[in-house]
Structure formats: structure tokens, C-alpha cells
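Me: I'm new to this one. Can you walk me through it while I look?
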2 protein chains.
Amino acid sequence: MERAATNWRDASRRRGDTLYLDFGRHGVGMVTLEIEPHGDGSYDAPLRLRLVFGELPAEVAEADLPYRGGLSQSWIQEEMIHLDLLPDRVMLRRRYAFRYLRIDCLAFSGSFRFRNVTADTVSSGNYASVAPPPPGLDVELAAIDRVGIATLHSCMQNVLEDGPKRDRRLWLGDLKLQALVNSVSFRNFALIERCLYLLAAATDDAGLIPGCVFDRTIAARGCDAVDYALLFGPTLLDHLELSGDRSCVEELFDLALHQLELVRRTFGADGRLPQQPQWWVFIDHVNTLNREAAYIATYIYSLRRNAELARRLGRDAIAVELEIEAAEHSRRARNCFYDETSGLVTSGTERQLSFASQIWFTLADILTPEESIRALTGIEVAPDAVRPVSPYLWHYMLEALFACGMNERAWQLIREYWGDMVRYGADTFWEVFVPGEMKFSPYNDYRLNSACHAWSCTPSYFIRRYFR
Amino acid sequence: MERAATNWRDASRRRGDTLYLDFGRHGVGMVTLEIEPHGDGSYDAPLRLRLVFGELPAEVAEADLPYRGGLSQSWIQEEMIHLDLLPDRVMLRRRYAFRYLRIDCLAFSGSFRFRNVTADTVSSGNYASVAPPPPGLDVELAAIDRVGIATLHSCMQNVLEDGPKRDRRLWLGDLKLQALVNSVSFRNFALIERCLYLLAAATDDAGLIPGCVFDRTIAARGCDAVDYALLFGPTLLDHLELSGDRSCVEELFDLALHQLELVRRTFGADGRLPQQPQWWVFIDHVNTLNREAAYIATYIYSLRRNAELARRLGRDAIAVELEIEAAEHSRRARNCFYDETSGLVTSGTERQLSFASQIWFTLADILTPEESIRALTGIEVAPDAVRPVSPYLWHYMLEALFACGMNERAWQLIREYWGDMVRYGADTFWEVFVPGEMKFSPYNDYRLNSACHAWSCTPSYFIRRYFR
């Protein structure tokens with residue numbers, strides 16, 4: 001994983017100098033610096049270096065801008081190190097996610113040069129297991145596929161992390177999408193099961209699966225993202241279909257059903273599903289989104305997928321119950337949120353229009369395929385509709401498009417949205433991407449954005465599964 | 001080596017908090033931090049800490065003041081570290097010299113506490129080898145002795161370092177003084193010999209012994225402090241007297257003689273000894289000092305001590321030659337610099353008065369004992385005399401006072417000068433100490449001053465050798 005200006009090792013450096021290294025592609029790993037004295041070799045003080053690792057050039061180039069982020073500044077991949085005696089070889093103890101490395105010489109009393117700077121990348125994905133992409137793929141889709149696979153590769157660590165730079169957690173929502181791409185690439189199904197069990201082991205007293213867990217500290221369970229909990233059953237169904245392995249799925253199925261039960265208890269007498277103050281309904285990274293319609297649709301989607309899973313596991317009685325419940329909620333949700341005049345799903349008392357509502361009503365089969373096509377087509381031209389900001393929701397847009405046969409629009413969207421990232425130079429797909437707003441950040445500082453994010457890797461799944 | 005407020009481990013800490021730890025006494029070593037989550041244990045970002053190690057409270061308390069030092073800022077013992085997952089135990093890879101440790105929590109997203117912060121001190125001096133101080137010592141001298149021994153202990157590493165915080169080098173001038181104290185305390189004569197050989201191995205093409213060497217990189221020889229080179233022979237003589245070991249001294253004696261020869265070649269036709277541009281004549285840490293008289297006196301001192309050494313080694317012919325040369329230079333120097341009217345030694349064309357000149361003329365036996373007493377007494381009251389700023393030159397003042405029988409004044413000086421440092425709270429003696437100028441620094445920033453410095457440890461030698 002090394003590529004840099006050929007003569008960077010020869011250059012003599014001193015206090016005040018800055019070196020930018022480009023490792024040629026994104027990687028996750030440990031870095032080793034080898035540094036030797038230069039010039040007449042005389043120096044009489046330690047060498048103090050600042051290191052800034054970046055996935056994108058701006059992270060290192062703009063490392064000195066004031067920090068205004070809403071998350072902890074410690075996510076910025078920055079170090080200050082000292083080498084007391086040269087030559088020296090220092091392996092930094094931490095893991096970084098980066099393609100770029102900036103090294104500032106903050107203090108020294110002589111000249112030095114870099115004998116070498118190397119990175120040992122780590123991943124639980126083995127590229128040797130990855131089949132070639134489908135034959136006949138054009139250059140654009142081939143590039144998108146390659147970047148999607150690279151994104152998953154960097155996220156495959158002890159768990160499937162959401163972002164190897166920032167967060168570094170196993171999120172259930174991301175896991176569901178990573179498992180899809182894993183099935184058509186690295187096929188490390190043991191890792192998927194490890195993640196399913198880790199999440200299952202971290203339920204709270206009520207039995208709710210957390211939105212995320214931390215790899216080595218299960219005790220620190222993360223956010224209660226209830227829409228993610230509802231996706232646990234659908235993730236099990238995917239795993240059964242993709243891996244063929246029943247035992248893990250059988251063991252965890254009751255826990256999936258329990259997630260439905262926890263939400264079921266919160267329905268109001270009016271048949272609506274109010275958000276609970278202790279729970280987070282994620283859907284997408286946008287605060288202004290009214291989530292009511294998408295949330296109930298996620299519940300219905302979960303009912304239907306769990307019913308399907310029950311049938312696969314031979315538990316037909318449960319399947320029937322879930323199917324009946326899904327049909328009831330589906331009818332009620334349709335009456336409540338679907339506007340037959342406009343052909344669009346609304347949400348909340350303000351009857352907000354959003355992509356999220358159309359997507360989840362499609363995926364939950366609340367609309368007929370024809371209605372879904374009308375809704376998904378109509379929302380693209382609806383003024384003021386709340387658009388997706390994350391590849392996560394754009395993924396479900398793709399799923400919805402493929403689900404109702406709008407394959408052409410799906411391929412177009414992949415080429416536009418993910419293709420744009422590739423054209424901007426991405427070698428892994430980003431956590432958030434809002435075309436035209438390159439510095440958009442949900443965290444108030446784009447340097448915190450993850451430029452290699454699990455939920456963005458799914459075009460490779462569609463390409464390898466559906467491309468003909 | 002641990003002492004701190006009893007409840008510091010219980011306190012919950014978060015971003016913005018600062019902890020000051022006092023380890024109770026000065027030490028040199030490696031530090032290990034053990035940190036655990038606190039409160040509800042939730043956090044989702046690395047913990048970023050700044051650590052500042054200080055020998056004196058001001059170094060840590062005033063760590064944020066702008067840096068104006070003339071030496072590399074990397075001497076400031078500061079680190080930024082990250083702990084990705086808690087609990088964690090981090091042993092820092094570097095060695096620090098400190099009594100105080102300031103820890104700033106720069107960034108974190110939860111609460112944490114210190115389970116422990118420990119230091120493993122290192123020294124090549126074993127306290128078990130140190131005899132008790134002379135019986136009957138009063139409290140003041142006992143404290144000075146204890147601080148002197150502690151200073152040497154911290155400086156005894158792979159080599160005898162001048163300052164374990166800053167510089168960390170083996171200086172020949174410091175070695176000479178450390179060897180004296182070592183002989184009455186740790187008695188690690190193997191370390192003394194190691195240092196003598198390291199210096200001897202680092203001569204330049206002309207055969208000049210450097211002023212200093214770096215421990216692990218002999219190639220990087222340090223300053224050519226020619227007055228130090230002249231002290232090589234006297235140091236060998238001390239070593240023979242103090243350790244009784246001839247073999248090392250015999251092996252290195254010719255090199256000592258060669259230092260004299262190198263200086264001998266630079267005498268002018270007028271019999272004066274001009275400073276050479278490529279050489280540094282140190283004498284003391286004060287730029288305004290005219291060094292001419294002290295330099296020639298150091299040369300004469302070296303001639304006499306080398307002559308004594310030659311006699312001990314049975315090389316009488318050499319001894320005679322050196323004695324004759326010393327007598328000639330002594331007479332000429334006396335004529336040139338000694339003012340019989342004032343009873344003071346002058347230096348340079350401006351006839352500058354300084355302690356340094358009186359001291360070295362005394363030590364070189366250029367003055368009679370009576371003249372020395374007059375000179376050393378007179379200089380203390382001479383207006384505008386250049387005073388010592390370093391304990392190094394104050395040490396030679398003590399030697400001079402004891403040499404001409406002014407023992408009372410010597411004890412008074414120890415109680416005043418070194419005693420003042422103890423009264424200011426020193427638990428090791430400082431590199432520079434100018435009473436009334438607590439922030440005096442030869443480096444333009446007092447935070448660079450070493451507060452544990454080899455050349456300051458010698459009162460223990462006088463106390464253990466001369467106290468009755």
C-alpha cells in the first residue's frame with residue numbers, strides 16, 4: 001500500500017517542513033515510520049512530528065482550520081510523536097483509516113529524512129475470495145463495483161464497522177447492507193454471524209437489540225435505533241438466503257420476533273405508531289424528515305419479512321399471524337398516509353413529502369407495484385420533497401426501484417449518485433454525499449465525515465446480482 | 001514513586017478537565033496510565049489527552065504560554081495520546097524526567113477516571129550502595145546532601161547525563177563533577193569508566209575529545225568545549241584517586257596529554273592563548289564573561305594535574321616537562337592578568353573582573369594561597385564583577401575556597417546557594433540558579449532549564465568528604 005513521489009525519501013527536512021504522502025488507495029491499518037538523520041547528521045534534541053491521517057485530501061490539507069464539529073474532536077486522526085534518537089523506526093500503536101498522510105515537523109534541531117513510511121493494512125476480507133465482476137460490465141459500473149468492494153473491505157475488521165475512521169462500530173442497519181455485498185464478494189459469512197450474535201448479546205433489559213455495539217466493549221451498547229431493531233429479522237432472512245446456514249438464524253429468530261413485540265406495544269389506540277422518547281427512529285441523516293410514515297412502513301416491512309422467515313423455518317402458525325397483522329397495518333397506513341390524488345405518500349400532520357416515505361411504502365408492499373412506480377417517479381419531481389442525504393437511504397431507493405421493476409432508473413441512479421463520487425476521486429464510498437454540497441456534514445464539520453462507510457457499498461450487490 | 005491527593009482516582013473526568021499529579025519527588029522513568037470509563041460508562045469516541053511532564057511546577061502550570069526558547073521546542077516534555085477503547089493501560093514509550101504531571105482531557109464523549117498513573121524510575125545508581133551521611137550533620141546540610149545525591153541518581157543512566165530532561169548527554173565537564181559525588185555515594189565506577197571510554201572513542205581527526213557525546217549515537221559528537229577537553233587528564237587523576245583502578249587511566253593517559261598538545265599549538269608568539277574560532281571555551285553559562293584568564297588558568301591547571309598523574313603512573317620524565325611548562329605559563333599569566341594593587345585577577349584587554357578568573361587562578365596555583373584568599377574575598381565585594389550563573393562555576397568556587405583553606409566561606413556558600421534551592425522546594429539541584437532571578441534562562445525560556453542537573457550535585461561530595 002505505498003505510492004508517493006519517487007524522491008520523497010531523498011529530501012532533507014527540518015523544522016517547519018511538511019510532507020504529504022498519498023498511499024495510492026484507501027486502507028485501514030498501522031503505520032511505521034523510519035527516519036534517519038541527514039546532512040551532517042548533527043542534532044541535539046528530539047524530533048517532534050505531527051501526523052494527520054486523512055481519507056480525503058481536505059482532511060489533511062485543512063487540518064489547521066478551527067474545529068467546529070458536533071462530535072468529539074478525538075475522531076480527527078491526528079498524532080504528535082517524538083523520536084528521541086535517530087535513526088529510529090516507530091510503529092504507531094493505533095489503527096488509522098486513510099489514503100493521505102500529512103507529516104509536519106514541529107520541532108527539531110537538525111536535518112532528517114524519511115527512510116520509509118509504510119502501512120500494514122488489515123481487513124477480515126480476503127480479496128482472493130472475490131469473484132470477478134459480471135462479464136460485459138462497462139467502465140463506469142466496473143469502477144463503481146471496484147469502489148464498493150474496496151469500501152466493504154476497509155470496513156471488514158473484527159466486526160463489520162460502519163466507518164473505519166469514525167464511529168468504528170457495528171451498526172445493525174449497516175450490517176444488513178454489508179451482508180448483501182459480502183454475499184457477492186468476500187463471502188465471509190462467519191463474520192456476519194459474529195456480528196449478529198454480538199448484537200443479540202447486547203439487548204437491554206426489555207430485550208431490545210441496540211442500534212449498534214462496540215467491538216470490544218459490549219457493555220457499552222449504542223443508540224436504540226428502533227428501525228434498525230426491526231431490521232434484525234429481515235437481516236436474518238437475508239443471511240439464510242445468502243449463506244444457506246440455518247442454525248444461526250434458527251437460534252436468533254425469537255429475538256427478531258421480540259423486536260416486533262416491543263414496537264407492537266407502543267401502538268396508540270388510534271392505530272398510529274408514535275415515536276417513543278427513549279427510542280431513535282433513524283431512517284436517514286436529516287433532522288427535518290418527518291419519520292411517521294417511514295417508521296410504520298418499516299414495521300410492516302419487518303412483519304412481512306419475519307413472516308417469510310417463519311415459513312422458511314417451518315413455523316407457519318407464526319407466519320400466518322404476522323401476515324394478518326401486516327395486512328391490517330398496511331390497510332390502515334395506506335388510508336392514513338397515501339394520497340390517491342397525487343399518488344404520493346405523506347407523513348405527519350403536516351403531510352410532509354419525502355423520498356423516505358415512498359421508499360418504505362414500496363418496500364413494505366403497502367402500495368401496489370403500479371402505485372409504487374407512480375410514487376417513486378412522482379417524488380423525484382415533487383417540489384420541496386425531503387431528499388435522501390445518505391447513501392443508506394439511497395440504497396433503499398435502489399431496492400424500491402428494483403422491487404417495482406424500475407431497473408432502468410435504478411441503474412441510472414447508481415451511475416449518477418455513486419458514479420459522481422467516483423468522478424470526484426472516491427476510492428471508497430462516502431458516509432454522506434449531497435451533490436453540489438461537497439462539505440455537507442451531519443456533524444457540522446466535514447472533516448468528521450467518514451469517506452469509507454459501510455452503508456454506501458451496496459451498488460456492488462446490485463451490479464453483481466442484477467447486471468445482465 | 002507515587003503520591004497524590006488520595007481521592008484523585010475517584011474523580012470523574014470529562015473533556016476540558018485537567019489533573020495535576022505530584023509524584024512526591026523527582027524521578028526519571030516510564031509512565032503507565034490506566035484509565036477506565038466512568039458514570040454510565042457510555043462513550044463513543046477515542047479519549048484524547050495531553051500530557052505535560054515537569055520537573056518544576058511552573059513547567060506544567062505554564063505549559064500554555066507562548067514558546068520563545070532558543071533551543072528546540074521538542075525538549076518540552078509534552079505528549080498527545082489517544083485511547084481508543086476503555087478501560088485501557090498505556091505505557092508511554094519515552095522516558096521523562098519529572099516530579100509533576102499535568103493531564104488535560106482535550107477531547108472525549110463520555111466520563112472517565114484514572115484507575116492508576118504510575119512511574120517506573122530508572123537509574124544506574126543503586127541507593128542501597130549509598131552510605132549514610134556523616135554523623136552530626138545538621139538539618140540544612142543533611143537536606144542539601146540528600147538533594148545532591150538525588151540529583152546524581154536521576155542523572156545516572158546508560159551514561160552520566162548532564163540533565164535527564166534536557167540535553168541528556170554525557171558532557172565531560174559534568175562527568176568530572178559527577179565522578180566526585182559518585183565516589184562518596186553510589187560508587188558505580190564502571191559507569192565512570194564507560195563514560196571515559198565513550199568520550200575517548202569520539203575524538204575528531206585531530207584527536208580532540210569532544211565536550212560531549214550522545215549516548216547511543218557516538219557519531220554525533222557534540223560541542224568542542226576545549227576547556228572540558230583540558231579537564232580529561234584531571235578527571236583521570238580523580239578516577240585513579242577515587243577508585244584506585246589504574247588500568248583505564250593508564251590506557252587513556254596519552255589521550256589526555258594529547259589534549260594539552262592541541263592547545264599548546266595555539267599559543268601566540270606573545271605567550272597569550274587566544275580562543276580558536278572552532279573551539280568553544282565554556283567556563284560558565286554567561287555570554288558577557290571574558291574567558292581569557294580563566295582559559296589559560298584551566299590549561300595550567302591541566303598541566304599540573306596531568307603532571308601529578310604522570311608521576312602516579314611512573315612516567316616521571318613527562319611529569320617534569322609538564323611541571324616546567326606549567327611554571328613558565330604560570331609566571332607569564334600572573335604577570336599578564338594579576339593586579340597586585342587590587343589583589344584581583346583581570347581578564348582581556350578590558351581587564352574584566354570576574355569570579356571565574358579568581359577561581360581558576362586559585363585552582364591552577366598561579367596565585368599563592370594568601371593571594372588566592374585575597375582574590376576570592378575581594379571579588380565578592382568588587383562592583384560589576386561578573387558572577388557565576390551556573391552551579392558548575394559555583395562548584396569550582398567551592399573547590400577554590402577549600403583549596404586555600406577558606407572552609408568557613410565554602411560551607412556558608414553551600415548553605416546559601418544550594419540551601420536556597422532547597423528552600424525553594426528543589427528536590428534535585430538545578431542547571432542554573434541566579435538568586436532573585438527565578439526565571440533566568442540561558443535559553444530564553446525557563447521551561448527549558450533543567451531542574452536536575454549533574455553539575456549541581458557536588459555539595460554532597462564536599463559534605464561527605466570534608467564535614468567534621
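Me: Where is H453(A) found?
Reply: This is a predicted model, to begin with. In it, H453(A) sits in the loop between helix 13 (407-423) and helix 14 (459-466) of chain A.

Me: Buried or exposed, that H453(A)?
Reply: H453(A) counts as buried, because it has 29 C-beta neighbours inside 10 Å. The cut-off for buried is 20 or more.

Me: What does H453(A) touch, leaving out residues up to four places away in sequence?
Reply: H453(A) touches D162(A), G163(A), F429(A), W430(A) and E431(A).

Me: And how far is H453(A) from C155(A)?
Reply: In space, 7.2 Å, C-alpha to C-alpha. In sequence, H453(A) and C155(A) are 298 residues apart.

Me: New topic. Which domains does the assignment give for chain A?
Reply: Domain 1 (18-121) and domain 2 (127-466). The C-alpha centres of these domains of chain A are 37 Å apart.

Me: Now the two chains. How many residues are in contact?
Reply: 27 residues of chain B are in contact with 26 residues of chain A. On the chain B side of that contact, strand 2 (47-54) and strand 3 (78-83) of chain B each supply at least two residues. Strand 3 of chain B has the largest share, 3 residues.

Me: And by class?
Reply: The side of chain B that touches chain A divides into 12 nonpolar, 9 polar and 6 charged residues.

Me: What rotation superposes chain B on chain A?
Reply: A rotation of 180°, with 0.0 Å of shift along its axis. The RMSD is 0.1 Å. The two copies are therefore related as by a two-fold rotation axis. The same surface serves both copies, with 96% of the contact residues of chain B recurring in chain A.

Me: Which residue of chain B comes closest to the rotation axis?
Reply: M80(B) does, with its C-alpha at 2.9 Å.

Me: Let's look at helix 9 of chain B. What should it span?
Reply: Helix 9 of chain B has 22 residues (residues 316-337), so at 1.5 Å a residue it should span 32 Å. Its end C-alpha atoms are 31 Å apart, which agrees.

Me: Which of its residues are buried?
Reply: In helix 9 of chain B, the buried ones are L322(B), A326(B), H329(B), S330(B), A333(B) and F337(B). They cover an arc of only 115° around the axis, so they are on the same side of helix 9 of chain B.

Me: What do those buried residues pack against?
Reply: They pack against helix 8 (292-312), strand 9 (338-339), strand 10 (344-347) and helix 10 (355-363) of chain B.

Me: Which residues are exposed on the other side?
Reply: On the other side of helix 9 of chain B, D316(B), A317(B), I324(B), R331(B) and N335(B) are exposed.

Me: Backbone next. What kind of peptide bond joins L86(A) and P87(A)?
Reply: A cis one, with omega about -5°. P87(A) lies in the loop between strand 3 (78-83) and strand 4 (88-91) of chain A. In chain B, a cis peptide bond joins L86(B) and P87(B), with omega about -10°. Most peptide bonds are trans.

Me: What is phi for D384(A)?
Reply: About 65°, a positive value, although D384(A) is not a glycine. D384(A) lies in the loop between helix 11 (369-381) and helix 12 (391-403) of chain A.

Me: Is D384(A) buried or exposed?
Reply: D384(A) is exposed, because it has 8 other C-beta atoms within 10 Å. The cut-off for exposed is 12 or fewer.

Me: And what about phi of I283(B)?
Reply: Phi of I283(B) is near 65°, again positive in a residue other than glycine. I283(B) lies in the loop between helix 7 (247-264) and helix 8 of chain B. I283(B) counts as buried, because it has 27 C-beta neighbours inside 10 Å.

Terms used
Residues are numbered from 1 along each chain as its sequence is written. Chains are lettered from A and ligands numbered from 1 in the order in which they are written. This is a predicted model: local features need pLDDT of at least 70, side-chain atom pairs count only at pLDDT 80 or more; totals for chains, interfaces and linings use all residues. Two residues are in contact if their C-beta atoms, placed from the backbone, lie within 7 Å. Helices (H or I, at least four residues) and strands (E, at least two) are DSSP runs, numbered from the N terminus. Ala, Val, Leu, Ile, Met, Phe, Trp, Tyr, Cys and Pro count as nonpolar, Asp, Glu, Lys and Arg as charged, and the others, Gly among them, as polar. Domain bounds come from an automatic or database domain assignment. Copies are superposed by least squares on the C-alpha atoms of residues with pLDDT of at least 70 in both. The expected span of a helix is 1.5 Å times one less than its number of residues. The arc is that of the directions from the helix axis to the C-beta atoms.
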